Amino acid sequence: RTCSRCGSMESKPTEALKHKWSAWAVTQPADCYNAAIESRNCSVCYVTETRVSGAALGHSYGPVTVIAAATCDLPGTTQQTCSRCGYVKTTVVPALLHQWGAWVQTLTPTCTTGGANTSTCSRCGNTKTQALNPLGHQFGAYAVVTPATCTHAGLSERTCARCGQKEGLALAQLPHQLGPWQGVKAPTCTEQGLEVRKCATCTYQENRSLKALGHKSDEQWYTVRGATTSRRGLQATTCTVCGQNARTRNFAPRAFRYEVDALAWGVPASMLNAGFLTEPDRLIWLDLTTDASYTFPLVAENAWLIGTAHVTVRAGSVAVSLGKASEPTLLTHRAWYLFPDAASATAARFAGKSLPFDQPVRAEGDSCVISISMQTNYYRGNENQPFDERLLAPGGGSYVDLVDQMLQQMISAESTNE
């Protein structure tokens, strides 16, 4: 409403009109899947209102039809059809499972082979088998069949009460019943003795050696064989028990020398090469342009003259032969080498095999250097004499002078070759 004086307005709510509904009418009848729906209309505002008037009817199945019958091992299936909508429902029927009967023994086990039990299904007739283990032997006690002795093993057996099978057991061979050791042969100084012991129950016996007693020396040395340059002498003592030689030893008188190095006299190699300062080797220079014969002393260690080396130069060839001052002297491991010059000699020391003695060997050039060495057994006496380099050398002058002369000739030859 409005104020006539100021024109203000005021309002108040009025109650809403109520619907004027029509009667409920089914608009969707119920079926197997859906509920029934009803509706009504307002004659004032024309609004429609709906409601569920009843639940879905559900299927109306007919009788059960067996499609596949269930067995012990396999499931089955059945079907039903709805009389209202024609829907077909399929149901799986679980397998029935076997109805096993009691176990029946169908194969009897033995000691060594297994047996079997069988059970049968009363529904399908199938069978299942249960394995039975072998029974195993029922052996009795062992009984000796062959007694053991000290020469043979024995045997005992036992028998199975169920199947009669036998099982053997070896009995260890018994040890020999050995008696005490008895002497058969007494030991001597040089031969072993012998003892035996025998078994009391068989022919077996054991032997053992007794160590030789060894000589008992009287410690009185006597000469069995005198010393020579060929070999040392032999001395022995006498056994006080058997009279044979108890001990032996080699000996050499002080004047005898064995396996001593010896050289033909010449220029010491150490004078030409510092590498030979501790070596005794000597070098001899030869002129190959003139035929000639030379004699050089053979000197053993500690300066003893034991022979001579004879060197012959002829037509450019060199021949070397050795002579002994005393016939009993032995000369072994004889060797001589030929080199074109002193430098080659020092560089090739001990190289190659010795050249042959007592026959010519061809040399090249106008000069050469030779080296002669050996080992000797000799006696310091008789024709063998102490050697002194101051002695007179063949051709005049001392051996010292001869060394100086050859040294100058080697140096000169080296300078000419350079």
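Analyst: Helix H2 (399-417) gives the most to the lining of the second largest cavity, with four residues; helices (H or I, at least four residues) and strands (E, at least two) are DSSP runs, numbered from the N terminus. Strand E27 (367-379), like H2, supplies at least two residues of this lining. The lining comprises eleven residues, and those nearest the centre of the cavity are Trp 285, Pro 340, Asp 341, Ser 367 and Ala 413. By class, seven of the lining residues are nonpolar, two are polar and two are charged, where Ala, Val, Leu, Ile, Met, Phe, Trp, Tyr, Cys and Pro count as nonpolar, Asp, Glu, Lys and Arg as charged, and the others, Gly among them, as polar.

The volume of this second largest cavity is about 40 Å³, and a search of the whole structure finds two cavities of 30 Å³ or more. A cavity is here a set of points, on a 1 Å grid over the protein atoms alone, where a 1.4 Å probe fits but cannot get out, and lining residues have an atom within 4 Å of a point. Grid points are joined across faces, edges and corners, and a volume is the space filled by probe spheres set on the points.

The model is predicted, so local features need pLDDT of at least 70 and side-chain atom pairs count only at pLDDT 80 or more, while totals for chains, interfaces and linings use all residues. Residues are numbered from 1 along each chain as its sequence is written, and side-chain values use heavy atoms, with hydrogens and water left out.

Turning to the strands, E13, E14 and E15 form, in that order, an open sheet with antiparallel pairing, two strands being paired if DSSP finds at least two bridges between them. Strand E13 (182-185) and strand E15 (205-210) stand at the edges with a single partner strand each, so one side of each has no neighbour in the sheet. E13 is joined to strand E14 (residues 193-198) by three bridges, and Gln 182 stands opposite Val 196 in E14.

Cys 242 lies in the loop between strand E17 (233-238) and strand E18 (245-251). Cys 242 counts as partly exposed because its relative accessibility is 35%, which falls between buried (under 20% relative accessible area) and exposed (over 50%), with a 1.4 Å probe and protein chains only. Not counting residues up to four places away in sequence, Cys 242 touches Cys 189 and His 215, contact meaning heavy atoms within 4.5 Å.

Conventions: 1 Å grid on protein atoms, 1.4 Å probe; cavity = no way out; pocket = protein on both sides within 12 Å on 5 of 7 lines; lining within 4 Å.
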